[in-house]
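Keep the structure open beside you as you read.

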Amino acid sequence: MRIKTLLAGAVAAFALTSPALAQDVAITGGQVLTGTSVIENGTVVIRNGKVVSVGTGAAPAGLRVIDARGKIVTPGFVAVDSGLAGTEVGSVRGSNDLANRANTLTAAFDLSYGLDPWSFTLPVARLGGVTRAVVTPQHGGSGGGHSHDDSDFAGAGQGGFQTPGLFAGQAAVIKLGGSDILVKPRVAMVAPFGEAGAAVAGGARGAEFVLFKETLGEVRAYARNKAAYERADMRALSLSRADMEALIPVADGRMPLIVTVNRASDIQQVLRLAREEGIKVILDGAAEGWLVADEIAAAKVPVILHPTTNLPSNFEMRAARMQNAAALNAAGVVIALKGNEGAAHRARDIRYNAGNAVSHGLPFAAAIQAITVNPARIFGFDGQFGELKAGAAGDVVVWSGDPLEPLSQPSAVLIDGVEQPLQARNLLLRDRYRTGGEGAMPPAYGN
């Protein structure tokens, strides 16, 4: 009996991430929130893992039908500034692959190599409707990170390279289903500004901006003179060769730079820097963004933010308020909302945060866009996921009610047309210990 119970538990745990085949499915009868519109009594048809049509009418013959009458159908949510699949316990360094502390590899740090499709965090996030995520490396100023540099030294360190690194590394996009979760690596570079960036540069904000401009100048000089670099016919550079190569797309304006920044004046300086250097930036945090919302909108710079930030936890956030998301949206800024602390274990909270933003003035439709369509657009995946339209990935969630209401729960979650188990390790453990009996405890507990 004990062996059978243990085997059943192992099978259930493996099923949380085991790959399955996409089915041809029609989801019918529900209120469909496409991400850009609302369709009553809608029908979403998925074939070969892609959405082929969204409209009204009966399901095509021969398809499996999911009855969504009385329910709400949405695209899968997209978690931004996430740690999903990159960490299990943030304070346990051996399980955290989001932070790199070697000064010989900063901008070139590619976290996609450390992503774990069997991470316990993924099924929990799926139960919150999350089907895709932008996973970002951590630095000392990361909103959800536990990475802190133990050194108070800033400047040239071992090998003559910057210590600590001005850049945290490169972000990746993942999906939360199957054993091959990587969608695209190296979608953006990450760098701290404000207080965190000042600490990197030696303690002052002005030092970081000068250091950043100097670094971009070195990258451009390296890109123009690679042959001279190979001959050791260039002056010593502050970054390694790998970091220089990784920063060329940033310096060229092809790869966006995610900038962690909160103070209004820092935001203004970052916008000026982006304009002068010809680089693309994404503001992360922007707690005081509402003060300069018109300037952000005019610069056409998107913002990733936590909509419930409303306390002046430091001097960067003196003007933090819960109407920030609403004000930025009203000004025409493209916003994406993120989950709570850790951005891995609480990635599912993005829908709660979106609901809070609605209660403080953000229109409901804009809140849905901020966790579906907008993240995809910000990172160059417009029309590929985060929206129910022909040609998009078959990432669909069927909800028992309003998806921004905490009591609403998913009755079906599909990723690339594959229906996912509505189960997670925490629920399996709950069931194991609630029922008790033989096999409830691991065998080692009885030794």
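Glu-230 counts as partly exposed, at 49% relative accessibility (buried means under 20% relative accessible area, exposed over 50%, partly exposed in between, with a 1.4 Å probe and protein chains only). Arg-241 is also partly exposed, with a relative accessible area of 42%. The two side chains meet in a salt bridge, 2.8 Å from N to O (a side-chain nitrogen of Lys or Arg within 4 Å of a carboxyl oxygen of Asp or Glu). This pair links distant parts of the chain, with Glu-230 in helix 5 and Arg-241 in helix 6, eleven residues apart. Helices here are DSSP runs of H or I with at least four residues, and strands are runs of E with at least two, numbered from the N terminus.

A word on the ground rules: this is a predicted model, in which local features need pLDDT of at least 70 and side-chain atom pairs count only at pLDDT 80 or more, while totals for chains, interfaces and linings use all residues. Residues are numbered from 1 along each chain as its sequence is written, and side-chain values use heavy atoms, leaving out hydrogens and water.

## Salt bridges across the chain

The count comes to 21 salt bridges. One of them joins Arg-64 and Glu-419 at 2.6 Å, N to O. Arg-64 lies in strand 4 and Glu-419 in strand 18, so the pair ties together parts that are 355 residues apart in sequence. Arg-64 is partly exposed at 34% relative accessibility, and Glu-419 is partly exposed at 30%.

Asp-416 pairs with Arg-132, with the closest N and O atoms 2.8 Å apart. Asp-416 sits in the loop between strand 17 and strand 18, and Arg-132 in strand 7, 284 residues apart. Arg-132 is buried, with a relative accessible area of 5%.

## A loop residue tucked away

Leu-237 is found in the loop between helix 5 (226-230) and helix 6 (241-251). At 11% relative accessibility, Leu-237 counts as buried. Leu-237 and Val-219 are 18 residues apart in sequence and 8.9 Å apart in space, C-alpha to C-alpha.

## Two helices side by side

Helix 4 (residues 205-224) and helix 7 (residues 264-277) pack at an angle of about 20°, with axes 12 Å apart. Axes are lines fitted to C-alpha atoms, for helices over the stretch in contact, and angles run from 0 to 180 degrees between N-to-C directions.
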